[in-house]
Amino acid sequence: MELLELYLSPLDAQRFQAIATRLPIGIGDAATECVLPFWVGEQDWRRTIIKVLESSQGFRAEHYPEPDEQAWLKQEELLLPDRQSFHAAYLERIGQSLYHSLFPPDSEIKQAFLHSLRLAEQHNTDLHLRLKFAADSVQRSRLADYPWELIHDGQRFLQPRQVIVSRYIAYEALPPALLPQKQLRVLLIAPRVEDATQKLAKLSDTEQQAIHLGLSKAKAEGLAVLESLSKATLKALSADLSQRTETQMPQVLHFDGHGLFGKRCVNSQCGQIHAGIKVDRCRNCGQLLTEPTGFLLFEDEQGGPDYVSAASLVAFLPKGVALVVLSACQSGMAVAGDSVFNGTAQQLIDARVPAVVAMQYGVRVDAVSRFAEQFYRILGQKKPLVTALNEGRKWMGVEGNQWYRPVLYLRWLDNQGGQLFAETATVEPLQVKLSRFQRFEIERLQVELEDLDQDYESVKAQLRVELDAPTQNKLERQIEQIGRQMDTKEQQLFRLKQQDE
Ligand SMILES: [Zn+2]
């Protein structure tokens, strides 16, 4: 597989810089200033595009109530003049806008991309296009919310035939501590809870059945083991995981349920959840709200809704869990123009989950079934995550409007694009010559990181058994603090490794 890594860095609301940070051998450096698509003057139509991509059933006028929204869709030739249905080539048009944004005509970055593509063709292999986002920019820019997987060069969608897109949030994370597992173990969590206040309806069991079906072949071939959490509460998850030995630990948590990206009121008497990023004050008590974050909707002991933040979920994940898969079928999702799981996926990565596969939009049951079957089968064959993702996409049917929905985020780097098995794990080798001082510094930082990692794990272990809420809060703050220290060290390590002698 040839690798082209593009670092996307925001300049302002509309512009970003694309820098080639890894290129196939023989291709020169490249950097280009790019302009985001779907803007008209000061008007940003990104949310409208997301709604278009979310819908599986075609155009529904009620999803586009804003003045000018349908007119814009018509003008872009995404909507037919009669405003009854999308244009037959609406996905291709969106893909072309993304392509021209990422690879402006005559730009260095386009040249580098075309070269890399040709090289991959000559070598009869795929091109892995890794999009890299700065860890701190993920919070303040929406760059990662664009469906870059859809890029279309005017002739064809580049995925999943020639190009495999993955997303890397740029931490210089150590590769995950992979356990010497013989088989792929997947733990399925499927809360069946509703929350009318957030318009989240109870999900059906069809996706669960689809995943069981999807995995049954891999199971029959002895490639995978699927287990389900009997009660979808955080407490049950914690109890289940803490009873396991290393060899019983799942590498994958598959969460089939609702996600919500938004803000929770910090007033302990209130705790009201607010979806979205726009609301500033609690609608219930008036408290000033903090930064938005990703939540997964678990059940509480009484079967009611329990919003678990990405950060607190991670506190309950032991080492060895290397991948979280987030999905929910279209049936239960509101078409809102917010990519719920994208935000939550980034938050999980931010909270130190090594890899996340998220359905960036709701997926049809039949499509998720086909995806799961092939994705887990390929993973069971100990192939890399990018390969499994791409094969899963192909099985969703390239002709339909489902294949672009799964997205892969990685927190660490390896040449193959994410391994879940210890035997074959490889660390990306250093490509630059380092001085003795640099090597010494790198070693020192790595030792410090390992120490911090131990602290991190021990506070997590305390949190798992702590029942007192104020102490839980304190431990969560501690975890965040250690996490930030680790981030700093990882960034230092990253910079050291980037320097030439
Ligand atoms: Zn409140």
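Modeller: Start at Leu187, which stands opposite Glu227 in strand β9. This is a predicted model: local features need pLDDT of at least 70, side-chain atom pairs count only at pLDDT 80 or more, and totals for chains, interfaces and linings use all residues. Residues are numbered from 1 along each chain as its sequence is written.

Strand β8 covers residues 184-189 and strand β9 covers residues 224-228. The two run parallel, joined by five bridges. Strands count as paired if DSSP finds at least two bridges between them. Strands (E, at least two residues) and helices (H or I, at least four) are DSSP runs, numbered from the N terminus. Strands of a sheet pair through backbone hydrogen bonds, either parallel or antiparallel.

Helix α6, residues 206-220, belongs to this part too. With β8 and β9, helix α6 makes a right-handed β-α-β unit. Right-handed means that, with the strands pointing away from the viewer, the path from the first strand over the helix to the second runs clockwise.

Now place that part beside other pairings. Strand β1 (residues 2-10) also runs parallel to a partner, strand β6 (residues 127-134), over seven bridges. There, Glu2 stands opposite Leu127 in β6. β1 pairs with strand β2 (residues 15-22) as well, in the antiparallel sense, over six bridges. Ser9 stands opposite Gln17 in β2. A hairpin of four residues joins β1 to β2.

Strand β13 (residues 293-299) pairs with β14 over five bridges. In that pair, Leu296 stands opposite Val308 in β14.

Last, a helix pair. The axes of helix α10 (residues 365-380) and helix α11 (residues 385-395) come within 8 Å and cross at roughly 150°. Axes are lines fitted to C-alpha atoms, for helices over the stretch in contact, and angles run from 0 to 180 degrees between N-to-C directions. α10 and α11 are therefore roughly antiparallel to each other; the cut-offs are under 35 degrees for roughly parallel, over 145 for roughly antiparallel, 65 to 115 for roughly perpendicular, and oblique for the rest.
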